[in-house]
Amino acid sequence: MKSSKYAQIAASIREVGIIEPPVVVRDRSNANLYHLLDGHIRFNILVDQGAKEVVCLVAKDDEAFTYNKQISRLATIQEHKMILRAIEKGVPEERLARALNVDVENIKTKKTLLDGICEEVITLLHDRHVPFQTIRALKKLKPMRQIGAVQLMIAMNRFTVSYSRSLVAATPEAMLLHPKKPAKGLRPEQIEMMEKESANLDRDFKVIENDYGSDHLDLVLMVGYLLRFWATRELFVISRSIFPIFWANSRK
């Protein structure tokens, strides 16, 4: 309840009401009783706010254990487009800030989130949760380098701010929009060597990525064969110890 996400949901419900109804399923033994599958935070907030009733979606099956697979989280770029659409329809920035439990400056930052990001990168990141600072770091790169950096992030499944900054730091001067600031304690030849090493690592990683699927399949088949072989060997040793007479006759 002390998390920023809880406060954001509470502010949204207070400002615009329930957007996504909670999901319930009817009890099998009591037709007047329902079990809550999804929306526990929303339900607790409504109770705290003194609400007496709420419209719910009724699920046909009790999928309480795996119901989160039905939920589509709002990605960073989708949130950006949602804010732009709301502003275009005349929703004041102040009301959006109250609904999202952020200050107005944060809304203004989200409005210009994709300025300087090429269309290919927007397509690659449209359904992923990416920190704002990571997107801000990508803006320092030229379009081709942006695409290459994002492809590496996707392959590594790593979109952290520190990783994006390391990619920017390892980018050659020619692929940056603005010249780098001189690094303290590093000579130009040392920086050039680091850039070359980073480029070599990128190439090696892409080669490994291309072979990963077939190598993984070979490894799984090999492990399965060895496990079956070991189980057969164990059975062979047990049978030899239990049936010594039969074993002796069979060897003859």
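Of the 252 residues in this chain, 26% count as buried. The model is predicted. The chain holds eleven helices and three strands. Along the sequence they follow the pattern α-β-β-α-β-α-α-α-α-α-α-α-α-α. Among contacts between residues at least 6 apart in sequence, 61% join residues at least 24 apart.

**Helix α4 and its cover**

- Helix α4 spans residues 93-100. Its buried residues are E93, L96, A97, A99 and L100.
- Seen down the axis of α4, these buried residues fall within an arc of 165°, so they line one face of the helix.
- An α-helix has 3.6 residues a turn, so residues three or four places apart point the same way.
- The cover over the buried residues of α4 includes α1 (4-16), α3 (76-88) and α5 (104-111).
- Just after α4 comes N101, which takes a positive phi of about 60°.

**Helix α1 against helix α4**

- Two packed helices are described by the angle between their axes and the distance between the axes.
- For α1 and α4, the axes come within 6 Å and cross at roughly 130°.
- On the α1 side, the contact involves Q8, A11, S12, E15 and V16. On the α4 side, R95, R98, A99 and L100 meet them.
- By class, this contact of α1 with α4 has four nonpolar, two polar and three charged residues.
- A99 and L100 of α4 take part in this contact, and both are on the list of buried residues of α4.

**Helix α3 against helix α5**

- Helices α3 and α5 pack with their axes 9 Å apart, at an angle of about 105°. The two are therefore roughly perpendicular.
- From α3, the residues in the contact are E79, H80, I83, L84 and I87. They meet I107, K110 and K111 in α5.
- The residues of this contact of α3 with α5 divide into four nonpolar, one polar and three charged.
- Both α3 and α5 are also part of what covers the buried residues of α4.

- Y163, S164, L167 and V168 are buried in α9.
- Around the axis they cover an arc of only 140°, which puts them on the same side of α9.
- R165 and A169 are exposed on the other side of α9.
- The cover over the buried residues of α9 includes α7 (132-138) and α8.

**Q146 in helix α8**

- Q146 lies in helix α8, which runs over residues 143-156.
- Q146 has a relative accessible area of 1%, so it is buried.
- Leaving out residues up to four places away in sequence, Q146 touches G116, I117, C118, V121, L138, K139 and L141.

- T171 sits in the loop between α9 (161-169) and α10 (188-242).
- The side chain of T171 makes a polar contact with the side chain of R145, at 2.9 Å.

**D38 in strand β2**

- D38 lies in strand β2, residues 34-38.
- With 9% relative accessibility, D38 counts as buried, because the cut-off is under 20%.
- The side chain of D38 makes a polar contact with the side chain of R42 (2.9 Å).
- D38 and L57 are 19 residues apart in sequence. Their C-alpha atoms are 9.6 Å apart in space.

- C56 is found in the loop between α2 (40-48) and β3 (57-59).
- C56 has a relative accessible area of 29%, so it counts as partly exposed.
- Leaving aside neighbours within four places in sequence, C56 is in contact with P21, P22 and V24.
- C56 and L36 are 20 residues apart along the chain, and their C-alpha atoms are separated by 9.5 Å.

Technical notes
Residues are numbered from 1 along each chain as its sequence is written. This is a predicted model: local features need pLDDT of at least 70, side-chain atom pairs count only at pLDDT 80 or more; totals for chains, interfaces and linings use all residues. Side-chain values use heavy atoms; hydrogens and water are left out. Buried means under 20% relative accessible area, exposed over 50%, partly exposed in between (1.4 Å probe, protein chains only). Helices (H or I, at least four residues) and strands (E, at least two) are DSSP runs, numbered from the N terminus. The arc is that of the directions from the helix axis to the C-beta atoms. Contact means heavy atoms within 4.5 Å. Axes are lines fitted to C-alpha atoms, for helices over the stretch in contact, and angles run from 0 to 180 degrees between N-to-C directions. Angles under 35 degrees count as roughly parallel, over 145 as roughly antiparallel, 65 to 115 as roughly perpendicular and the rest as oblique. Ala, Val, Leu, Ile, Met, Phe, Trp, Tyr, Cys and Pro count as nonpolar, Asp, Glu, Lys and Arg as charged, and the others, Gly among them, as polar. A polar contact is a pair of N or O atoms within 3.5 Å; within protein, one must be able to donate a hydrogen and the other to accept it, and residues adjacent in sequence count only if both atoms are side-chain atoms.
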